[in-house]
Amino acid sequence: MSKHLKTGLYWFLALQFALGAVTKYWPGDTIFSTAYSVKFVDWGYPSWMRFVVGALEGVAAVLLVIPDRRTRFLGAATLMFVLTGAVTTHIVNHDPAVGSWAAPTHLVIMGVLALANWPADWRDLLRAPTAPRARTPRPSNEMTRVQHL
């Protein structure tokens with residue numbers, strides 16, 4: 001997969017979740033559906049929970065577009081957490097598949113992205129990123145001979 005195609009995929013998914021985050025904060029009905037303040041209450045959650053979910057989606061969307069494996073992993077893992085709750089909510093509330101196909105589809109996509117950006121060592125997630133160090137030139141053999149004389 002080319003680098004441009006991969007970057008485009010991350011931006012496309014990030015824009016979807018950023019739009020989802022905005023709709024969670026929208027006070028009334030959207031062009032997509034009824035107000036999330038009503039939906040969350042219908043699903044059995046307090047209406048303020050939409051702000052938490054919207055914030056997690058927004059932060060994860062930003063993490064997906066930062067071109068670093070660690071941040072993309074954290075963004076995909078955060079969305080897996082949110083989407084697991086969404087899929088479970090749709091199942092428990094017996095929502096029709098027509099209206100709830102996006103959550104399980106995005107859950108699978110985020111699982112693939114999380115695996116693709118999985119860190120080699122889990123401790124890499126906790127370490128502060130280090131800037132690349134400039135290489136210092138090694139002394140040539142002639143310089144070391146001069147120093148030994």
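This is a predicted model: local features need pLDDT of at least 70, side-chain atom pairs count only at pLDDT 80 or more; totals for chains, interfaces and linings use all residues.
Of its 149 residues, 30% count as buried.

**Overall fold and surface**

- Among contacts between residues at least 6 apart in sequence, 61% join residues that are at least 24 apart.
- The accessible surface of the protein comes to about 10600 Å², and carbon and sulfur atoms account for 69% of that area.

**The largest nonpolar core**

- The largest nonpolar core holds 17 residues, and those touching the most other members are Phe 17, Leu 64, Ala 76, Leu 79, Leu 83, Met 110 and Leu 113.
- Two or more residues of this core come from each of helix H1 (3-25), helix H3 (49-65), helix H4 (69-92) and helix H6 (102-116), with H4 giving the largest share, five residues.
- Leu 83, one of the core residues that touch the most other members, is in contact with Phe 17, Ala 103, His 106, Leu 107 and Met 110 when residues up to four places away in sequence are not counted.

**Helix H3 and its surroundings**

- Helix H3 has 17 residues and reaches 25 Å from its first C-alpha to its last, which is close to the 24 Å expected at 1.5 Å a residue.
- The buried residues of H3 are Arg 50, Val 53, Gly 54, Glu 57, Ala 60, Ala 61, Leu 63, Leu 64 and Val 65, and the buried residues of this helix pack against H1, helix H2 (36-43), H4 and H6.

**The salt bridge**

- The structure holds one salt bridge, which Glu 57 forms with Lys 24, the closest N and O atoms being 3.3 Å apart.
- Because Glu 57 lies in helix H3 and Lys 24 in helix H1, the pair ties together parts that are 33 residues apart in sequence.
- Both partners, Glu 57 and Lys 24, are buried.

**Spans annotated in the UniProt record**

- The unreviewed UniProt entry carries the annotation "transmembrane region" for residues 48-66, 73-92 and 98-118.
- In the model, the span of residues 48-66 is 89% helix and 0% strand, and its end C-alpha atoms lie 29 Å apart.
- The span of residues 73-92 is 100% helix and 0% strand, with its end C-alpha atoms 28 Å apart.

Definitions and conventions:
Residues are numbered from 1 along each chain as its sequence is written. Side-chain values use heavy atoms; hydrogens and water are left out. A nonpolar core is a set of buried Ala, Val, Leu, Ile, Met, Phe, Trp, Tyr and Cys residues joined through side-chain atoms within 4.5 Å. Buried means under 20% relative accessible area, exposed over 50%, partly exposed in between (1.4 Å probe, protein chains only). Helices (H or I, at least four residues) and strands (E, at least two) are DSSP runs, numbered from the N terminus. Contact means heavy atoms within 4.5 Å. UniProt positions are given in the numbering used here, feature names are shortened, and annotations may be inferred rather than shown by experiment. The expected span of a helix is 1.5 Å times one less than its number of residues. Accessible areas come from the Shrake-Rupley method with a 1.4 Å probe; for residues, only the protein chains shown count as cover. A salt bridge is a side-chain nitrogen of Lys or Arg within 4 Å of a carboxyl oxygen of Asp or Glu.
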